[in-house]
Amino acid sequence: MKAIDLIRHAMQVSDKATLQLIEDMRDSAVTQPTPRGGNHPLWVLGHITLVEGNVPHVLFGEPNPVAKWAPLFAPGTEPKADASMYPPFEEVLRTYRDLRARNLKILEDLGEEGLDRPTVAPPKGLEEALATMGKAFLTIAMHQMSHRGQVADCRRAAGRKPIFTPQMN
């Protein structure tokens, strides 16, 4: 198996598993995982959207098309329980899907031979994790799965049962 196949698979699995939980919380999108707050599903969706928008910046130095959302969804921002402070759920979801599709196309265009190319603009502190194009894509998949766990906790806080994510075909 080639590295690109593994990276593509990781991105597909993380996408399916994470969106399955987020979309199930559409009607409770600002349910926080603890009585002391935490990352709610709408914040997680916005955050992973901001990250998807930043992939072409990390790889090639291109501007992030959703940079305007950084004050709401950047690392270190504090999720608010007021949904009116955020763009509509469906807009964020649609934007995420568009950006993810673009990034998957970039991955395909890079091909196996492009995975070892160095990235142009990794964020400070993430230089090693995002040092190459291949590492950047794999890190995106792992990052998304870490936030999936937060959404799972939000679902439990909302009184919902766990969802099993079937194996990808």
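Colleague: What share of the contacts between residues at least 6 apart in sequence join residues at least 24 apart?
Modeller: 70% of them. Keep in mind that this is a predicted model.

Colleague: How many helices and strands does the protein have?
Modeller: Five helices and zero strands. From the N terminus on, the order is α-α-α-α-α.

Colleague: What percentage of the residues are buried?
Modeller: Buried residues make up 43% of the 169.

Colleague: Let's take α2. How many of its residues are buried?
Modeller: 17 of its 20 residues are buried, so α2 is largely enclosed by the rest of the structure.

Colleague: What span should α2 have, and what does the model show?
Modeller: α2 covers residues 41-60. At 1.5 Å a residue it should span 28 Å. The end C-alpha atoms are 29 Å apart, which agrees.

Colleague: Where does α2 bend?
Modeller: At N54, by about 35°. A proline, P56, follows within four residues.

Colleague: Is P56 buried or exposed?
Modeller: Buried, because its relative accessible area is 2%, under the 20% cut-off. P56 sits in helix α2.

Colleague: Which residues does P56 contact, leaving aside neighbours within four places in sequence?
Modeller: G61, E62, R102, N103 and I106. There is also L99, 43 residues from P56 in sequence. Their C-alpha atoms are 9.7 Å apart.

Colleague: What follows α2?
Modeller: G61 does, and its phi is positive, near 85°. G61 is also one of the P56 contacts.

Colleague: New topic, aromatics. How many aromatic pairs are there?
Modeller: Two. In one of them, W69 and F73 have ring centres 6.1 Å apart and planes at 75°, so that pair is edge-to-face. In the other, F73 and Y86 have ring centres 5.5 Å apart and planes at 25°, so that pair is stacked.

Colleague: Where do F73 and Y86 sit in the chain?
Modeller: F73 is in helix α3, residues 70-73. Y86 is in the loop between α3 and α4. They are 13 residues apart, and the pair links distant parts of the chain.

Colleague: Which residues form the aromatic cluster?
Modeller: W69, F73 and Y86 form one cluster.

Colleague: Last one, T132. Where is it?
Modeller: T132 is in the loop between α4 (89-114) and α5 (133-157).

Colleague: Why does T132 count as buried?
Modeller: Because its relative accessible area is 18%, and buried means under 20%.

Colleague: What does the T132 side chain reach?
Modeller: The backbone nitrogen of K135, at 3.1 Å.

Colleague: And which residues does T132 touch, not counting those up to four places away in sequence?
Modeller: L115, D116, R117, P118 and T119.

Terms used: Residues are numbered from 1 along each chain as its sequence is written. This is a predicted model: local features need pLDDT of at least 70, side-chain atom pairs count only at pLDDT 80 or more; totals for chains, interfaces and linings use all residues. Side-chain values use heavy atoms; hydrogens and water are left out. Helices (H or I, at least four residues) and strands (E, at least two) are DSSP runs, numbered from the N terminus. The expected span of a helix is 1.5 Å times one less than its number of residues. The bend at a residue is the angle between axes fitted to the seven residues ending there and the seven starting there. Buried means under 20% relative accessible area, exposed over 50%, partly exposed in between (1.4 Å probe, protein chains only). A polar contact is a pair of N or O atoms within 3.5 Å; within protein, one must be able to donate a hydrogen and the other to accept it, and residues adjacent in sequence count only if both atoms are side-chain atoms. Contact means heavy atoms within 4.5 Å. Rings of Phe, Tyr and Trp (its six-membered ring) pair if their centres lie within 6.5 Å; planes under 30 degrees apart count as stacked, over 60 as edge-to-face and the rest as tilted.
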